[in-house]
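Colleague: I am new to this structure, and I would like to go through it with you step by step. Could you show it to me before I ask anything?

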Number of protein chains: 2
Amino acid sequence: MKQLFVIKVGGNVIDDEHSLDSFLEKFSRVPFPKILVHGGGKIATEISARLGIEARMVEGKRITDKDTLKIVTMVYAGYVNKTIVGKMNRFGNKTLGICGADLNLIPARKRTGTAVDYGYVGDITASEIPAEQWTRMLEKDICPVVAPITADSSGSLLNTNADTIASALAQALCRTYMVTLIYCFEKDGVLQNPGDNSSVIRSIAPETYSALKGSGVISKGMIPKLDKSFEALHNGVTRVVVGNAMKLDELIHARSGTVLALN
Amino acid sequence: MKQLFVIKVGGNVIDDEHSLDSFLEKFSRVPFPKILVHGGGKIATEISARLGIEARMVEGKRITDKDTLKIVTMVYAGYVNKTIVGKMNRFGNKTLGICGADLNLIPARKRTGTAVDYGYVGDITASEIPAEQWTRMLEKDICPVVAPITADSSGSLLNTNADTIASALAQALCRTYMVTLIYCFEKDGVLQNPGDNSSVIRSIAPETYSALKGSGVISKGMIPKLDKSFEALHNGVTRVVVGNAMKLDELIHARSGTVLALN
């Protein structure tokens, strides 16, 4: 079975041109087949503020109203996505910038039935992703660069979590490939001590994960990321690594970062 | 030889949701293979104004500085492009939203050597477009929806005229297909009397075109569009039609609008 890398990049790496260039240069050397999923960094928040559109938060979660949807579509699927594609062209990689709406490659539905109305937020299911269409692209050495915008069957665009997209794609493609899912950001991995970048936990199994959550070492934003990682492992993804985007060449061999494993 | 429709839509059609819906419903019924090239309407200007970025014009032409490039990339390749793709999904058409940078499908170079520095503006050449890659997409009944952003070989994104892109694609593909190039907007065609939508000139040949320019009937924005149309015809495109986006079903049969012909 061929190996596939599904790599999600987010955080400050997107916002800083020097970091992004350095990351993409490393990404261009990752062997094909590969998929890059990106977030939007702080640019969407900055543009919203400049346009006078306030971020509406309910219980710590952002609400995607119509104006916010317009902005995240512009920033994620437009500016960030095409900036990455342009830069990747320099390295001779065949890069195709898409969002989940394109060719309906990531079918979604608007989140409903929750106590809070999140607005234009899309939920996706790995089993609904048309794996064959993805495989046909990957077999041609086309590298998809995926912005976290999807659409429902009524044609409405939806804001969708980029970590979730990466995990769902990894799961959808693990019947065809041995999939390594990599979450990269600006830290060196899951840290024992949040302030200390040298305190990387090198490996986490499900039991350790429960203990680390229980003791509060792992908290907040890291929990959904790791929940999705273990879900991916349970559903057939070979390996999940969380670590520093600037060390991508080490992450793909699991020589850096935190490696999640089932046993 | 199979027929291919290359359709450019611009003007107010993009800005008004009702018009856009109505146009796309008609576009979904245009037989495959087909390509849609879109402009950005007034949204980019509106967003620029709200962000306090002034449109810099020199001799009536817009200058694309770094901020403007960011905005047109967001609006054209993000918001407008993905809104169209989402809406097209409803009709079951397989729609792929791209810009010229994707897979380097429209290679460009930054405009230089002009008296005025236009900034991040891209020029393209029909012969440099990889026609085989386009044909492979079209043969799979994938409908490309093209935003007028390109990139040069150094990876820099460039603002590129959508009329030029449509004409260049039509020319690049006319060895493989019988190509009909259609420019749609909010008027019924090239008008004898600019204020009177019923004064459509039904047909223009090169000699009539010279006379109409000479007498001032055809002026300003219409001249580059028609220059590109006649260039396309001289380079093998079968037919060019200019007309109302709301009458697309008639335009594809040349039953409405202005038909440009070499003889």
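Modeller: Of the residues of chain A, A:G78 comes closest to the rotation axis, with its C-alpha at 1.8 Å. Please bear in mind that this is a predicted model, in which local features need pLDDT of at least 70 and side-chain atom pairs count only at pLDDT 80 or more, while totals for chains, interfaces and linings use all residues. Residues are numbered from 1 along each chain as its sequence is written, and chains are lettered from A and ligands numbered from 1 in the order in which they are written.

Colleague: By what turn can chain A be laid on chain B?

Modeller: Copies are superposed by least squares on the C-alpha atoms of residues with pLDDT of at least 70 in both. Chain A then falls on chain B with an RMSD of 0.0 Å and a shift of 0.0 Å along the axis, the turn being 180°. That is the relation of a two-fold axis.

Colleague: Which element gives the most to the side of chain A that touches chain B?

Modeller: Counting residues as in contact if their C-beta atoms, placed from the backbone, lie within 7 Å, the contact takes 32 residues from chain A and 32 residues from chain B. Helices (H or I, at least four residues) and strands (E, at least two) are DSSP runs, numbered from the N terminus, and α4 (66-89), β5 (94-99) and β9 (149-151) of chain A each supply at least two residues of this side. With 13 residues, the element that gives the most is α4(A).

Colleague: Is A:A126 buried or exposed?

Modeller: A:A126 is found in the loop between β7 (122-123) and α5 (131-139) of chain A, and, leaving out residues up to four places away in sequence, A:A126 touches A:A168, A:Q171, A:A172 and A:N235. A residue is buried if 20 or more other C-beta atoms lie within 10 Å of its own, exposed if 12 or fewer, and partly exposed in between, with C-beta atoms placed from the backbone. Because A:A126 has 21 C-beta neighbours inside 10 Å, A:A126 counts as buried.

Notes
Two residues are in contact if their C-beta atoms, placed from the backbone, lie within 7 Å.
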